[in-house]
Amino acid sequence: MSESSIFLDRSKLSPRYIPKELPHREKEIEKIYHTYKESFSSPDTFPLTILQVVGPAGIGKTSTVLSTVRVLNDQFAKNRLKMKTAYVNLKLQGGNKYAIYRYILEKIAPELPAQGLSAEEMLRYLLRYLIENKTFAFIILDEIDYLIKITKDSGIIYDLTRLNEFDPETPCLVKGVIFISRSTEFYSKLDQAELSSLGRIPIKFPMYTLKQVGDILSKRCTEAFRPGVIGTDLIDKISEITISPDVKGDIRYSLELLLYAGNLAESGGTGVVSLANILKVHSQLHPSLS
């Protein structure tokens, strides 16, 4: 197959791609990093620390958390310490505690058998594995509000925020549990003990401004498209669409719009992405709009 006349690397428009730099999320990265910076410098005394990250869909919460944890992992490695991360999207891997804990166990300790174990036993095996292998861990649960809404089972919050109480005589090597949600409305489903262990002060992610969206899309387009394929006027137009009431600042929508518009331009053989490509894809993604 001949190489694309439009794309340098279309995977750079995937929501799964996490850039090395996240424009306009520096403050949030710093807050998360500051929360856990002693986890690698003083791991023996640093306690299990719970963190909440809250904000609307598509404004960089997951990318920011994963990017910061990646930096923490590098710091652990520099200090000659082993660290593993289990990221769980509860919309995809959720369902019940058993399925979630099994997934966490598979990500951190894939050699341990999960079959025949109860949910709580899997957590005990996990904690024991970390001690025996002198390994530290971070657990990230994305879309926690969705899980609580669908299952109405908030026990997972109680379990994971009190991992250090499973065996009080033994140090807990899970250093961080991070919950990501779109809002704090799920608080109403929690009992007092769960609220207490979860904490009431989340890191809230503000919506991007028009200029910030433009900066983010410009940087991503540089990585994804060939030079001269997409003009700054089109990036400005997509930025306006992104902050509109219909899209509500969702950067994932912008990336999808760019990807499909690029595909349309490629199939048309024009060599450039046009405003007509953008508007056609936008009308298909939002059929209620003219």
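Q: Which residue takes a positive phi just after helix 6?
A: Just after helix 6, lysine 152 takes a positive phi of about 60°. The structure is a predicted model, in which local features need pLDDT of at least 70 and side-chain atom pairs count only at pLDDT 80 or more, while totals for chains, interfaces and linings use all residues. Residues are numbered from 1 along each chain as its sequence is written, and side-chain values use heavy atoms, with hydrogens and water left out.

Q: What makes a stretch of the chain count as a helix or a strand, and how many of each are there?
A: Helices are DSSP runs of H or I with at least four residues, strands are runs of E with at least two, and both are numbered from the N terminus. By that rule the protein has twelve helices and five strands.

Q: Which residues of helix 6 are buried, and why are they said to lie on the same side?
A: Ile144, Asp145, Leu147 and Ile148 are the buried residues of helix 6, which spans residues 144-151; buried means under 20% relative accessible area, exposed over 50%, and partly exposed in between, with a 1.4 Å probe and protein chains only. Because these residues cover an arc of only 160° around the axis, they are on the same side of helix 6, the arc being that of the directions from the helix axis to the C-beta atoms.

Q: What do the buried residues of helix 6 pack against, and which exposed residues are on the face turned away from them?
A: The buried residues pack against helix 4, strand 3, helix 7 and strand 4, where contact means heavy atoms within 4.5 Å. The face turned away from that buried side carries the exposed residues Lys149 and Ile150.

Q: Why are glutamate 3 and arginine 226 said to form a salt bridge?
A: A salt bridge requires a side-chain nitrogen of Lys or Arg within 4 Å of a carboxyl oxygen of Asp or Glu, and the closest N and O atoms of glutamate 3 and arginine 226 are 3.5 Å apart, so the pair qualifies. This pair links distant parts of the chain, with glutamate 3 in the segment before helix 1 and arginine 226 in the loop between helix 9 and helix 10, 223 residues apart. At 65% relative accessible area glutamate 3 is exposed, whereas arginine 226, at 24%, counts as partly exposed.

Q: Why are arginine 102 and glutamate 106 about one helical turn apart?
A: The two are four residues apart in helix 4, and therefore about one helical turn separates them.

Q: Why is asparagine 89 called buried, and what is in contact with it?
A: Asparagine 89, in strand 2, has a relative accessible area of 15%, which is under the limit, so it is buried. Leaving aside neighbours within four places in sequence, asparagine 89 is in contact with Gly94, Asp142 and Glu143. The C-alpha atoms of asparagine 89 and leucine 141 are 6.2 Å apart in space, although the two residues are 52 apart in sequence.

Q: What classes of residue line the largest pocket, and which residues lie nearest its centre?
A: Its lining has 16 nonpolar, six polar and 13 charged residues; Ala, Val, Leu, Ile, Met, Phe, Trp, Tyr, Cys and Pro count as nonpolar, Asp, Glu, Lys and Arg as charged, and the others, Gly among them, as polar. Of the 35 lining residues, Pro15, Arg16, Thr62, Ser63 and Arg252 lie nearest the centre of the largest pocket. A pocket here is an open set of points on a 1 Å grid over the protein atoms alone, where a 1.4 Å probe fits, with protein on both sides within 12 Å along at least five of seven lines, and lining residues have an atom within 4 Å of a point.
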